[in-house]
Every structure is written in structure tokens, then in C-alpha cells.
Amino acid sequence: MFGGQPPLWKFMDSIRSEGLQQGEEALSCPEEGLPRPSDSSELVQDCLQQFKVTVAQLQQIQASLLGSMEQALRGQASPVPAVRMLPTYVGSTPHGTEQGDFVVLELGATGASLRVLWVTLTGIEGHRVEPRSQEFVIPQDVMLGTGQQLFDFAAHCLSEFLDAQPVSKQGLQLGFSFSFPCHQTGLDRSTLISWTKGFRCSGVEGQDVVQLLRDAIQRQGAYNIDVVAVVNDTVGTMMGCELGARPCEVGLVVDTGTNVCYMEEARDVAVLDEDRGRVCVSVEWGSFSDDGALGPVLTTFDHTLDHESLNPGAQRFEKMIGGLYLGELVRLVLAHLTRRGVLFRGCPSPALLSQGSVLLEHVAEMEDPSAGAARVHAILQDLGLSPEASDVELVQRVCAAVCTRAAQLCAAALAAVLSRLQHSREQQTLQVAVATGGRVCERHPRFCSILQGTVMLLAPECDVSFIPSADGGGRGVAMVTAVAARLAAHRRLLEETLAPFRLNHDQLAAVQAQMREAMAKGLRGEASSLRMLPTYVRATPDGSERGDFLALDLGGTNFRVLLVRVTTCVQITSQIYSIPESVAQGSGQQLFDHIVDCIVDFQQKQGLSGQSLPLGFTFSFPCKQLGLDQGILLNWTKGFNASDCEGQDVVSLLREAITRRQAVELNVVAIVNDTVGTMMSCGYEDPRCEIGLIVGTGTNACYMEELRNVAGVPGDSGHMCINMEWGAFGDDGSLDTLSTCFDASVDQASINPGKQRFEKMISGMYLGEIVRHILLHLTSLGVLFRGQQTQRLQTRDIFKTKFLSEIESDSLALRQVRAILEDLGLPLTSDDTLMVLEVCQAVSQRAAQLCGAGVAAVAEKIRENRGLEELAVSVGVDGTLYKLHPHFSSLVAATVRELAPRCAVTFLQSEDGSGKGAALVTAVACRLAQSTRV
Ligand code: 0WK
Ligand code: BGC
Ligand code: BGC
């Protein structure tokens, strides 16, 4: 029974059409002047001829619809495409492994009724459990009432159905089949674009229908149901099709309305920015209207029907095919022919003049040759008519004309979809399975055969198999729900895994406070994870420095030798040399001999051989300085581990190496930390630059502290630059509350476990490894890469930190992210790519926020040192991570603004690195030495 309730049209009696005449006279039977038989057959011919569609017209519709589809896929907004081509976030046809019990709520596919199903997926090929279902008639006033009414009604039906099922009230997962045009932004987020098919509830268009259903279920309060997926009925039909090896890739529904979906190449769906894989697209061909193509086949009856419909001008194509309209089209033709005296001796019945009185199942039966004339007679009598045999035969011809055209038009549209598939798959001959659903397909005797025949005519190079959907798509919806549930579970596991990386304001303020406390202790010379090392740099350059200086820059990604010429400006010539791991982790002698080799090579290349220029040595490791040119290495960091160096004065080690290399003379004047070099280098341009920050292979900061606060250094006026060595912050366990198991894995695998804890949460040497460990963890949970652990991903340092910068760059499309990951040999889906991106974002965001908390602590220290309400200070910054990561610097600045609102902090990216700074420190030292000598 096509919805078994008073015909939808009834309520629209208010709208009177030309098919209706007023009052009694409309129902009067003409005494005389019935048309002559010849006229009537002409009249009949004219009438039925209107429903004849030529092959050329069908081909034109096919071509025009294909054009609109490709226009919409390209995202072309004007002219507005005639079809919507809505991505559905269903990226694959069923794997067959989906399993579980699911509730399915179907709304809209069958007009004024909704259906609730209980579907059990076994995940075993061919093992099928029959779904249990119940249908509920939706009262008219609900279909035209408020959205809340409709969704409350749906929630009520859900409970009523579940009350009858032996199921628990908790943890139910629901798939929502919502058969209307929607913009989907996720498997469980879908905004209604416009109602179709007799629905017109207020307050729903433009809303997320999943949220509306969740709210209604909440209001109902009987069951705890998680709505995990919303799908269009065509998708449910496609996903529910079981064809063994080759899944259906097209889902066609012809029920009260009509629509189709198919698996499109993701790269061709402009809005998706994907380049691989496929995505199911709901065509929404019901709105296809192209005057050029459709104009010639639209009849006056179509225009009348549209004019009287709930949505005049919309869904024109659907109104020629959908089951909600076929009966009305037949009624309008019958009323027309009756008024012309051709039918029922010109005597209409009230039913015949009432819209919506002829239902699809009337048409289906009357057309069904097996039904026989007697059945047709009975149906017409039910409509209050007294048919003669000729009437019965003519009524059947009218039904056939209307339905044949519907099937042919549907075929032309389907042929357009097949052509699109052929085109996007670059296949000469296309083999495809089309799942069909909906009561027009299921119940109408000839619809499917005409459809199939016409498709073969219009798309001869396509080998199409039509697979009737077993249960109207309920299983298909459950399949999508199973996939969505799996993805939702994955998302929950991802959120749980990344939650510890999402630091809130209080946590960051606590880090800031702990750092302040550690700074104070370190300055007082008490036990602290912050050594607060005096650097003997008391002033930033004043611009009067002059001369040529050599500088070395060791400790970052590259080892550089520089010639720095200081006049009114600073000119730098430099050369990068590599420090092989074997040297960095060999003997100290080897390392310093290598350094001197590089210097000599540089001098030769720069024609400086034999010259003994003052040399500034940027040595980016924790050193206890006893003077400007004396620095005892406290411990190596960042993968360096040369022996016999820790506890030694590295300036002496360098001088010994120079000595070992005869005929080389170098005057090592100063040793500076790279943070100090960077501060000095930027301070040369901006005297307010009193903080130096490195976020590169390692991380650290220095700043100008009041001498009075520096224990162990005589004098209490003026300033001294303090190298905080904040990389070691937290080595006393003060950061353990923030440390995750992934941080612990990275620390344990490092050559200095337990050391440099702050650095290992922030700097470039470690972020890639943290990400890799998280990816391994998520793979072991089956969340990523289908749970397949790859050899590559288990390789240390395979996931470079620079990948984070590349993957998080806004300019990179998802496809480029995928390319980076595929180069790592990772078999990934688009969901995997998105998750890897989120992992990278979480890890780098935490690093930047922790770094920002550190800078805020330092800026506040300087402000309080000077008893200032407001402080304006600049920070000289260097380091690959800070410079190359697309969001790191802005996240640091944002955190500083949040935690040190009374400090206006300007970040200056150092252009010349700290080598220039080392040369300037040397120049200041030489100037001061000069001035004391004179
Ligand atoms: C460039 C500086 C150097 C510092 C390096 C840090 O000139 O002194 O060590 O930045 O960044 P990284 O190279 O470790 O990324
Ligand atoms: C809707 C489609 C739906 C089709 C079949 C149309 O009115 O716009 O979303 O798939 O009916 O139910
Ligand atoms: C070192 C610091 C250096 C920082 C940045 C850390 O590992 O201990 O001395 O400033 O890396 O290079």
C-alpha cells in the first residue's frame, strides 16, 4: 500500500487547478455533444502523444544531465548547476567485515511513513540475519508542522519499536537514512538544503538534521542512542547490495521521490581536495531541470501538477518520475479526457477531481497486465467512476504512457551517470552493478524492464547489472553506520591519545610559574633543573664595534665557519661543514681536530691563511663559563656525545686542536651559547632585544638578568646575560604531570635518558619521534593504517620533524600530505591522512605552547626585575623548527600574550644566525680590552 493514508494531495484541495471545475456543475454529465469516436481517438492520441519521448530527446537529457553533473563536480557556481552532486563521506563500498547490531531509522524514502529497523551485521560473507522492522505512518500535520514535531515523532517511533525488541537501553548505535538533499560535512553531520516529496516542516532547512534527531532522542529520554551516521536512501540502497565479488557502485531509488548516487573519483570532486580514492556522490537529479532538454517533454499535465505541488518550480524531474507524482499525472490526464467526454461518458467523480486520489499502486495495478480488466474496473469504481470496457482499456494506456515515460526519463538520467563513470574511470566499456530500491522499482510491473531496456539503448557500451535491494537499503544504512561507528571509535581513541597534548591555560600558567621558581633557584645557585649559567656578556653591542672576526657555529643542524666584517654594518661570509655522527659521537680530540680542519679549509678558501683573526665560538651546549673565553662543558645534548669533553673547558680543547695542527694561529676570544649569539645578533639591529631563543634541533633561551640577582658573579649593578639551559627544565620531575608515555618512549630511546625533558617535548630533534610513537600506538589500536604495522614506521627517526612543518602547512592539500606519508611506505586512507595531520598538529601545538610559557616566564622576570607595569622587549629567535614550521611562531606569540599580558614581546627572526652574534661578542670584548689597554 503506497503509504495507506489519505492521499497527500487532499490537504491541498485549497489550491484549485484547471483540472477542477467549481461546484456541482463540475460533476454534471453532459447530456449530448459527446465527441465522435474519430475525434475522441484524436483527442486520446494528442494526449498520449505528449508522453512520448524520442530517443533523441532522451539522449539530449542524458547529455544535458551529464553536463550539469560535471559542472557541479567542478564546483562551478554559475550558471547554477541543475543537479547538486553532494559528497556523502562514504569513501568505500562495503568490505563485508562490518559487524554489530544497529538501529536504522528511515525517514523520507517512503513519503508519509518512516521505518525503524534492527539490523545485525555478522561480518561473515553470505551469513545474513533478517532485519526486524516496523513502519509508522507520519500524520500529515507532522509532515507539514514544525521540525520539532517531526523529530519528536521519529524519536517516539524509535522508542516504540525498541520497546518491542529484547535490547538494552544503553549504547545503541543508530544510522539515520534521511532521504532529502543535504550538505554533508561528515558521516554524522548533514544540513538539510530543502524539503521534497510532500514534507515541509518548519525550522529544519539549513539545520543539522543529526543534531535535531539527537535532541529529540534526548527529549524522549527513553534510550541512550548514539546517532553515528546519516545517509541518503540511495547510499543505503547501494551499500546494501550483495553481489559477492563486485559491489554495487550505483544506488538508484525510485519511490515517492527519485535520486541516484554513485562512486565518483575523489579527485574529480572539487570541494573535497582529495586526489585519491573514490567517494559516493548523491546526484539529487530530482532537481534536474534544463528547459532545453526537459522543455520539449514537459506536458501541460506536468505544469499543472507542478503548479499545484508543495514546491512549485522545484524537483521538476522528480515530478515526472517519482511515485508521489505518477498517480496524480494519471489523474490529471483522466480528468482532462473525461472533461472532453472521451472517458466515463464525460462523467467525472469527486475522487477523479480530487488531487492525489489516484495513487501509484492504483497505477501499478491498472498497468499490470496480470491484474486484468476486472481489477482495473474495481479500482475505477473505488474512485467513484462507472467505467465501460473502452474506459478500462484507455485508462491502462494512460497509465502505461505516464509510467513508460517515467522509466525512460529515469533511464536517460541513469545513462548519464554511467557515461560519467565511464569517463572518470577512462574505460571504453564499463561493467557496473546498479542497486535499485524504492517501491516504483519493486512494485511497478514494467518500470524496471523499460528502464533496463532504455539504458542499454542509451549506454550500449556499458554492461549493467541491476540488483534489487533486498530490504530497501536498511542493511546498507547499517553498513555505513558500522563504518561510521568504526571511524567514530577511531576518532574517540585518537582524541583520548591526543588529549594529554592539549594543554589548557592553567597547565601552561603552572609551567610558567614552575619555570620562574626554577629560574630563581638557579640564579641563587640552588639545586634547580635550570642552571641559569652566567655568560659574561654584560652588554649588547652599541654599534661602535669594528674589525674582521672569525666565528664558529657548532651545535645546530649545520656547523658553520664564518668571516664577519664589522664596519658601519656587518658583512658575513660563511661556509657550512658537516659533523658526521661518528665525529659527534667519537672522541673529543677527533671532534675538535675536525673543527680546526674546517677552519683551515675556510681560511684557505677565503685567503685568510696565516691570519690570526679574533675568533668567537658559538658552542650550543650547556657550559659553565668562568669567563668570556672559558666554558666548561657540563654535558652534551642533541645527539652529541664526544668523549673526554664533558667537564673540560672547550676553549682549551679548541686551542689544543689548533696547536696540534701546526702553522695555524687562531685567537679564541669568546665562547658563546647560540641563544646568546642570536640575542646579540638581533640586538645589533634592535637594542630592546634582551632575550635570545633557539627552537631548532635543541631549544634554549637566554636573557639579560640584573647582575645583583646572579649569585656567584661579583657586582650588583648592571646586567649579565644568563644562559638558562631551559632544555633541562623538568629533569627534576617537575614536568612529569605533563609527560606522556610517548615522551617517555622518546626519552628512553635517546642517548641521554632522563635529561633535557623540556627540550624533548619541544625541539626538532624529538617532535618527529614523538609523532612516530603516537602513530605506532594508533596503528596498534587499529585506528591507523588498518592496524598494519609497517617496518618503515618502526624505524627510528624515519618521521623527520620537517615532515610536521610540511604536513601542517596550509598550502599543502591533503593529497600532498598523503604523498609525504606514502613516501614513508605507509598504506593510508584519506581518514588516516587526516588523523596523521591531527597528530602532528597536537604535538607541535604543545611544543609551541610550552615554549611560549617559557618565554612568558622570562619576560615577566625582566619586567618584575625592573619593577615595570608594562615591559616592551624583543626576543631574537633562531632555529629550523621555529623558522620553518607554519604555525609554531604564531602559537608561541599567542601563548606569551596570554601568559604575560603586561609584556609587549616582539619576536625578531635572526637572519645571520648566532655566528654574527659570536663575532659581535668578540668585537665587544676586543673593544673593551682595547679601551682598558689605552
Ligand atoms: C642557527 C644558529 C645556530 C643555532 C641554530 C639552531 O646560527 O647557532 O644552533 O640556528 O637551529 P637548528 O639548526 O638546530 O635548527
Ligand atoms: C530526495 C533525495 C532522495 C530521493 C529518493 C528526493 O526527493 O531529494 O534525497 O534520495 O527523493 O527518496
Ligand atoms: C643546548 C643549548 C642550546 C640549545 C639550542 C640545547 O640542547 O643544551 O645549549 O642553546 O640546545 O641549540
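A residue is called buried when its relative accessible area is under 20%, exposed when over 50%, and partly exposed in between, with a 1.4 Å probe and protein chains only. The structure is a predicted model, in which local features need pLDDT of at least 70 and side-chain atom pairs count only at pLDDT 80 or more, while totals for chains, interfaces and linings use all residues. Residues are numbered from 1 along each chain as its sequence is written, chains are lettered from A and ligands numbered from 1 in the order in which they are written, and side-chain values use heavy atoms, with hydrogens and water left out.

Ala510 is partly exposed, at a relative accessible area of 36%. This residue belongs to helix α17 (residues 505–523); helices (H or I, at least four residues) and strands (E, at least two) are DSSP runs numbered from the N terminus. Between Ala510 and Arg546 the separation is 36 residues in sequence and 45 Å in space, C-alpha to C-alpha.

Asp306, located in helix α9 (residues 300–308), has 7% relative accessibility and therefore counts as buried. Beyond its neighbours within four places in sequence, Asp306 is in contact with Asn311, Pro312, Gly313, Ala314, Arg316 and Lys319, where contact means heavy atoms within 4.5 Å. Its side chain forms a polar contact of 2.7 Å with the side chain of Lys319. A polar atom of the Asp306 side chain also lies 2.7 Å from the backbone nitrogen of Gly313. A polar contact is a pair of N or O atoms within 3.5 Å; within protein, one must be able to donate a hydrogen and the other to accept it, and residues adjacent in sequence count only if both atoms are side-chain atoms.

In helix α22 (residues 741–749), the buried residues are Phe742, Asp743, Val746 and Asp747. They lie on the same side of α22 because they cover an arc of only 140° around the axis, the arc being that of the directions from the helix axis to the C-beta atoms. Cys741 and Gln748, on the other side of α22, are exposed. The cover over the buried residues of α22 includes α16 (474–498), α23 (757–760), α24 (764–780) and α27 (830–865).

Ligand 3 is surrounded by 15 residues, of which Thr637, Lys638, Asp674, Glu725 and Glu759 are the closest; a residue is near a molecule or strand if one of its heavy atoms lies within 4 Å of it. At least two residues of this shell come from each of α21 (674–683) and β23 (699–706). By class, the shell around ligand 3 holds three nonpolar, eight polar and four charged residues. Ala, Val, Leu, Ile, Met, Phe, Trp, Tyr, Cys and Pro count as nonpolar, Asp, Glu, Lys and Arg as charged, and the others, Gly among them, as polar. Backbone N or O atoms lie 3.4 Å from an oxygen atom of ligand 3 in the case of Ser620 and 3.3 Å in the case of Phe621. An N or O atom in the side chain of Asp674 is 2.5 Å from an oxygen atom of ligand 3. Of the 310 Å² of accessible area that ligand 3 has on its own, the protein covers 99%; accessible areas come from the Shrake-Rupley method with a 1.4 Å probe, and for residues only the protein chains shown count as cover.

Around ligand 1 there are 15 residues, with Asp553, Thr557, Thr697, Thr880 and Ser914 nearest. This shell comprises one nonpolar, ten polar and four charged residues. Oxygen atoms of ligand 1 lie 2.7 Å from a polar side-chain atom of Thr557 and 2.5 Å from a polar side-chain atom of Ser914. For Thr697, the distance from a side-chain N or O atom to an oxygen atom of ligand 1 is 2.5 Å. Ligand 1 exposes 370 Å² when taken alone, and the protein buries 90% of that.
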